[in-house]
Amino acid sequence: MTLRRLATYSAALVIGAWVAFPLLLITLAAFTPRDVLYRWPRQIWPERFTLDTILFFVRSTGVLPSTWNSVLVAGMTIALAFLLSAPAGYALARYRFRGRDAVQLAILATKMFPATVLSIPLAVAFIRWGLYDTLLGVSIVHTALSIPFVTVIITSVFVGVSYELEEAAMTLGTSRLQAFLRVTLPMALPGLAAAAIFTFVLSWNEVFAATILTLNNRTLPALILNSVVAAGAPLHYRFAGGFFMVVPALIIIFLIRRYLLTLWGVTVR
Amino acid sequence: MADAERTRASPRARDWTPYLLVLPTFAYLGIFFVYPMAQAVWLSLTDPHGQLTLEHFRRMVGDLYFSQAIRYTLLITAVAVPLQVGLGLVIALLVNTRFRGHSLFLYVCAVPIGISDLAAGLIWLSIFTERGYLNAFLGAAGLLQQPLTFLTYERPEWLLGAIILTEVWRATAIVMVILVAGLQLIPKDYLETAQVFGAGRWQTARHVLLPLLKPSLQTALIIRTILAFQLFATVITLAGRLVPVLAGESYFWYSLYRSPQVASAYAVLILGLSSAITWVYLRLLRQREVEATA
């Protein structure tokens with residue numbers, strides 16, 4: 001028994017370290033003075049830490065505006081995705097109707113279609129529609145990519161809120177809409193917030209579509225990718241950039257950790 | 001029961017409500033999924049005058065990078081995806097033993113879900129680059145006098161190894177979460193029954209858990225394989241174009257050579273590969289099911 005427990009703990013420790021260690025290293029790199037990063041022998045733990053590397057990255061041309069762009073795109077994506085998927089999710093959770101399974105399957109199937117396939121023809125179309133190189137254009141694609149996730153999450157959230165309560169409100173004389181707004185919505189709110197946060201991560205992290213669809217109005221990943229490919233950005237820029245992109249994601253995953261399994265588990269069924 | 005009552009109680013007029021509620025999503029997906037997909041096929045198969053042509057596919061296949069891109073994409077997928085599923089399964093089974101601290105372990109292992117392929121590539125670049133942490137550790141251990149250059153075209157095995165490690169590090173988390181969720185759906189009585197009949201831990205896992213976990217494993221396999229075909233930023237950050245991959249070539253043809261047509265040809269190829277592999281998986285896994293019941 002103790003041997004088995006020992007084996008379990010050491011396996012967990014090794015795997016946990018394998019996941020956490022690279023994160024530790026990039027954090028270390030982001031706070032290491034520039035000259036230490038290029039010197040040999042290469043010090044692992046620098047004698048002093050500095051904010052210069054991060055500040056260099058943040059002050060580089062385009063970083064702040066594109067960070068703001070990323071936030072705006074993610075915000076618009078959340079708004080659009082919820083506007084579209086919330087009614088669909090509610091319908092899938094609350095109504096039995098003919099073709100319900102087909103609807104669910106069709107929404108799931110869209111998850112199979114890669115961003116790669118959508119971005120290039122959409123870039124051509126967006127040039128014609130005046131959406132190329134606009135933040136709205138990027139968030140339109142991000143919305144298409146996140147709808148399958150958001151719909152399934154919202155469905156599961158509404159399934160989790162008992163329909164009896166909504167009915168009880170209606171027998172007490174509220175309309176269906178009022179019952180929804182006053183009873184169901186407040187109870188669904190935490191789950192919906194988690195879904196919104198997850199959508200934020202999807203959009204914040206998306207590289208390919210954002211790179212293809214923008215030229216001057218880059219989002220942060222598109223800017224970093226472009227400065228790596230086209231401008232050969234220096235190493236300290238890359239490390240600080242990597243760290244800068246990871247931090248919000250880490251915080252967000254921590255905030256929604258309770259919902260992680262629901263997000264993916266249900267998404268998958 | 002509640003459902004039945006609801007349908008009975010629902011007046012005729014309400015029957016259209018669910019369809020109306022679903023409509024916006026469908027309209028949107030129609031415009032921004034179906035249309036671009038058709039458009040990709042159209043772009044890759046027509047010339048500027050709207051005539052059908054195979055010229056773009058010919059240019060794609062004739063390109064020096066093409067056969068490499070196919071080979072590397074398939075190779076990385078074939079190595080990385082089984083590793084991701086294997087490691088994901090190990091983590092999921094560990095979490096499922098509910099040892100003390102398993103929720104912290106689960107959280108740590110789930111963290112890469114929030115990390116993009118771009119950021120993951122940059123993180124592992126800090127390890128594998130010439131003045132990176134790998135050389136630093138080897139140097140500190142006294143194993144190296146001069147730093148080694150790992151990420152160079154002279155060492156394709158290191159380039160591939162770095163990409164595969166990064167992909168395993170980043171994407172195992174998704175597999176793991178899918179499998180943990182799948183394990184939670186398995187009723188506890190099954191395991192208790194297995195124990196009552198004297199099955200050991202290993203036997204229970206092999207003969208009870210794994211078969212019941214098959215739908216989740218299937219989903220994880222399909223999702224990971226399709227996403228591996230889209231491998232892009234990890235490769236770009238670690239290897240540039242030294243290791244060409246399909247999505248990367250699509251990007252280069254679009255933004256470097258300004259040819260949306262050839263880029264679309266690549267996109268269509270990725271789409272074809274994704275559909276083919278999904279079909280193969282579904283087919284293979286179903287066949288085995290039939291054999292098992294026969």
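Modeller: H7(A) bends by about 50° at Ser146(A), and a proline, Pro148(A), follows within four residues. The bend at a residue is the angle between axes fitted to the seven residues ending there and the seven starting there. Helices (H or I, at least four residues) and strands (E, at least two) are DSSP runs, numbered from the N terminus. This is a predicted model, in which local features need pLDDT of at least 70 and side-chain atom pairs count only at pLDDT 80 or more, while totals for chains, interfaces and linings use all residues. Residues are numbered from 1 along each chain as its sequence is written, and chains are lettered from A and ligands numbered from 1 in the order in which they are written.

Helix H7 of chain A covers residues 135–160, and its 26 residues should span 38 Å at 1.5 Å a residue; the end C-alpha atoms are 35 Å apart, which agrees. The expected span is 1.5 Å times one less than the number of residues. Of those 26 residues, 23 are buried, so H7(A) is largely enclosed by the rest of the structure. Buried means that 20 or more other C-beta atoms lie within 10 Å of a residue's own; exposed means 12 or fewer, and partly exposed is in between, with C-beta atoms placed from the backbone.

Ala144(A) touches Leu118(A), and also Tyr28(B), Leu29(B), Phe32(B) and Phe33(B), leaving aside residues up to four places away in sequence. Two residues are in contact if their C-beta atoms, placed from the backbone, lie within 7 Å. Val141(A) and Ala144(A) are also among the residues with the most contacts inside the largest nonpolar core, together with Val177(B), Leu238(B) and Tyr266(B); this core has 168 residues. Its largest share, 15 residues, comes from helix H8 (residues 156–184) of chain B. A nonpolar core is a set of buried Ala, Val, Leu, Ile, Met, Phe, Trp, Tyr and Cys residues joined through C-beta atoms within 7 Å.

Now the two chains as a pair. In total, 77 residues of chain A are in contact with 78 residues of chain B. On the chain A side, helix H1 (residues 2–30) gives the largest share, 12 residues. By class, that side has 62 nonpolar, 11 polar and four charged residues. Here Ala, Val, Leu, Ile, Met, Phe, Trp, Tyr, Cys and Pro count as nonpolar, Asp, Glu, Lys and Arg as charged, and the others, Gly among them, as polar.

Back along chain A, Asp133(A) is in the loop between helix H6 (115–129) and H7. Its phi is near 60°, a positive value in a residue other than glycine. Most residues other than glycine have a negative phi, and most peptide bonds are trans. Asp133(A) is partly exposed, with 16 other C-beta atoms within 10 Å. In chain B, Arg258(B) also has a positive phi, about 55°, although it is not a glycine. Arg258(B) lies between helix H13 (246–255) and helix H14 (260–293), and with 9 C-beta neighbours inside 10 Å it counts as exposed. A cis peptide bond, with omega about 0°, joins Trp40(A) and Pro41(A).

Last, confidence. Chain B averages a pLDDT of 88; pLDDT is the predictor's confidence in each residue, from 0 to 100. Over residues 1–13 of chain B the pLDDT is below 50. Where pLDDT is low, the predicted coordinates should not be read in detail.
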